[in-house]
Amino acid sequence: MTVKRGSEVLLGREDSTYAGSFNLFGGQQSNEFQYSDSESVFTHKGSPGLWQEREDGGTVRDLRVTLSGVVIPNTDDQALLAAVMGSSTRHQSMMFVAPGAGAIIGDWQITEKTISGELDGPAQWSFTAQLASFTSFVAAVRDRYDMQATLAIDYTQASFYALGVHQATFEALADSTYTRSGAATYPGSWDFSNGGTLPDALVEFAANAQPFGALGAMCANASTNQVTNPRLEGATIGTITGGGGGAHPSPVTAAEGGMTWAVSATGYEDGHPFTEYTLSGTASGDAAIYFEAFTQIVASNGQTWTASLGLRLVSGVLPGTLSLRIFEATAAGAFVTSGAGANLSSLAAPDSNRRRYYFTGTLDGGSTVARAYPALYFSGPSGAVACVFRVYAPQMELQGKPTPPIFPPVSTPGASTRGAETATVALSSSYYDDESCTLVTEVQPCMVNTTGFASAAIYMVGLYNAGSGTGYVYHYQVSTHISVLGATSSSVVLGTGTYGRTLAFGQVERQAIVVNSPAAAWRHKGGNGVNNDASAAISEAMDRLQFNSILGSSDGVFYLRRCHIIPAVLTEDELTDKVESA
Amino acid sequence: MTGASFFYAFESDAAAVAAMPTHVAVRDGVLAPVRSTIAVVSTDGVWLTQPQGSLDAATGEWVQTDAGERSPPVVVLSAVEIEGAGQFEVVPAGHAGFAGV
């Protein structure tokens, strides 16, 4: 069973004034409830209305219907919609309906969460109800109360785990599609800082399943890992040095530097494939672990490659100075050159945490360079050595940044490819105005230093017209600037240049675009933006939400945390508030 | 699910576009896929047969015993078989295709 999580439809702007009563279930059994933020009081009064009319006509805040989850494929592979109603901190309810047909297949359940003292009824109850369809429901609310519903997707919440759901994926969102050839991974909540920790499990996702985890959905561009055995399969536990029976996982080799090398463990640690080495004896020279056969990875002078590798010190002291390097070789595998690589201790000294390092370098060994391979290099070790360490998931990519680990199928070594992803949401006119709307997104970029990668996007989130395939308006960020582009037939730059925004690893970014056809406006956290620029020339309906793969580009690597579409043109102050507030 | 792997190799970007115009296109001078079932995996070819070699026990240097064979440079990987492009299909020994779990 696959259930998506974290999407919600908010009925009404946060400052909406609700008036009159609303019978959600067409006269059937229901419960009324009302929440007043200003009074911190939540009450319910039984049927028939969902919300009790406030006698004083005052403002009700944060009254919302939340759709979370949402689609559960049944035996006919028919997606079913699981809707959750209510504030997660106040109450929670759930129903299942089939989109389109709209048949109720489960009970609506409302479970009191944290407000037991404030409810004057039973703490938990359930009832069945009829609902023509979710969209008609939302439309009815909108028409009756002149409310504006908004779509919000929150990839960082796991509100359905309590229901026993074991997986939540983007593609299950109603009216959404997500495709990607090849498997992908969620890299343990790594923020992609060089030497950053991976506190969580590395989770592998099959083709067409969107990786997600605590930091949100993992969006990443297509890439090939040229290391043929990144799962490090096939190692033999035992001493390697002197033919002691141990063996590296093929085709890994090592320059031993006079030390005694042994494989002391192998397998998966929280989903992270590893080989554990134990070093002992006395060092007499530089040592290295080479993670690929010298003749395997075809490369040429001038190319920019990125090697990445996980590392954890289990015990002892690592000998010498550690660096992650890219070696250059001839077609026959003869050494040509290697730079100093990335000094691991200067990034983040290896310790008991799982850390992931990377090095991006341009091959400069000259015309004879025809191969390249990644290495963990021990420079200048000396004296007695005693340490145990684990290496994880080596990777080598022909681009200027690391992406999440890519693995070939189990027991099938070989270079392997994660394809480009296409993620869209068809926006329903029932809760969305395709010509006057605001898109608010929250992302955590995974690239900061984009040396050698200046033309590519760090993240891209936008809207476009599905019918014509054009009319894009989207945010993207590259190495030097933040831009919003709107285009009907050709791109119109709404805002570019350096806006004084310095990205940092782990830093959450928020931005908002206003579509007010034909104009557009945007804000980015930090106060930068453009107001109501008619040069956007937006004349088409923006009826699709799309991530990363926009205008044929899918270069970004980022965590998509939240996405919120409001069917209204927010004011400049509202825009600023949206991107600056939590 | 393991991604399917159909490899097609071409001498140039133009040849790739000519053979599969609805699958790849040249954008900003770079061959790019136009659908998610496609990946351009190499512009330097892929191994059709992998090179063979070993570390010399005495010197510690890599000794190549078989140079292997490379495909034409532009290699497109598809999750579905592309009709009409069969003459360009290759079966590389050095690539696992789309990643799989």
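# Briefing: the contact between chain B and chain A

The contact draws 26 residues from chain B and 37 residues from chain A. This is a predicted model. Between them, chain B and chain A bury about 2,400 Å². Carbon and sulfur atoms account for 58% of that area. No salt bridges are counted between chain B and chain A.

**Interface: polar contacts and composition**

- Eleven residue pairs are in polar contact between chain B and chain A, counting pairs with both residues at pLDDT 80 or more.
- Three elements of chain B give two or more residues to the side that touches chain A: β4 (38-42), β7 (62-66) and β11 (95-98).
- The largest share of that side comes from β11(B), with four residues.
- By residue class, the side of chain B that touches chain A holds 14 nonpolar, nine polar and three charged residues.

**Interface: a strand pair across the chains**

- β11(B) also pairs with a strand of chain A, namely β29 (residues 415-418).
- The two strands run parallel and are joined by three bridges.
- Within this pairing, B:G97 of β11(B) stands opposite A:S416.

**Chain A: overall make-up**

- Chain A has 582 residues, and 60% of them count as buried.
- Its secondary structure comes to three helices and 40 strands.
- Take the contacts in chain A between residues at least 6 apart in sequence: 70% of these join residues at least 24 apart.

- Strand β40(A) spans residues 558-566 and is mostly covered.
- Eight of the nine residues of β40(A) are buried.
- β40(A) pairs with strand β14 (residues 216-219) of chain A in the antiparallel sense, over three bridges.
- β40(A) also pairs with strand β31 (residues 436-445) of chain A, again in the antiparallel sense, over eight bridges.
- A:L560 in β40(A) has a bridge partner in A:A217.
- A:V443 also stands opposite A:L560 in β40(A).

**Chain B: a four-strand sheet**

- Chain B holds an open sheet of four strands, in the order β4-β9-β1-β10, with antiparallel pairing.
- β4 and β10 (89-90) of chain B are the edge strands, each pairing on one side only.
- β4(B) is also among the elements that give two or more residues to the side touching chain A.
- Four bridges join β4(B) to strand β9 (residues 74-78) of chain B, in the antiparallel sense.
- In this pairing, B:V40 stands opposite B:V76 of β9(B).
- In a regular strand, side chains alternate between the two faces of the sheet.

**Chain B: residue S42**

- B:S42 is found in strand β4 of chain B.
- B:S42 counts as buried because its relative accessibility is 11%, and the cut-off for buried is under 20%.
- A polar atom of the B:S42 side chain lies 2.9 Å from the backbone nitrogen of B:D44.
- Leaving out residues up to four places away in sequence, B:S42 touches B:R70, B:P73, B:V74 and B:V75.

Notes:
Residues are numbered from 1 along each chain as its sequence is written. Chains are lettered from A and ligands numbered from 1 in the order in which they are written. Side-chain values use heavy atoms; hydrogens and water are left out. Contact means heavy atoms within 4.5 Å. Buried area is the accessible area (1.4 Å probe) that two parts lose on being put together, summed over both. A salt bridge is a side-chain nitrogen of Lys or Arg within 4 Å of a carboxyl oxygen of Asp or Glu. A polar contact is a pair of N or O atoms within 3.5 Å; within protein, one must be able to donate a hydrogen and the other to accept it, and residues adjacent in sequence count only if both atoms are side-chain atoms. Ala, Val, Leu, Ile, Met, Phe, Trp, Tyr, Cys and Pro count as nonpolar, Asp, Glu, Lys and Arg as charged, and the others, Gly among them, as polar. Two strands pair if DSSP finds at least two bridges between them. Buried means under 20% relative accessible area, exposed over 50%, partly exposed in between (1.4 Å probe, protein chains only).
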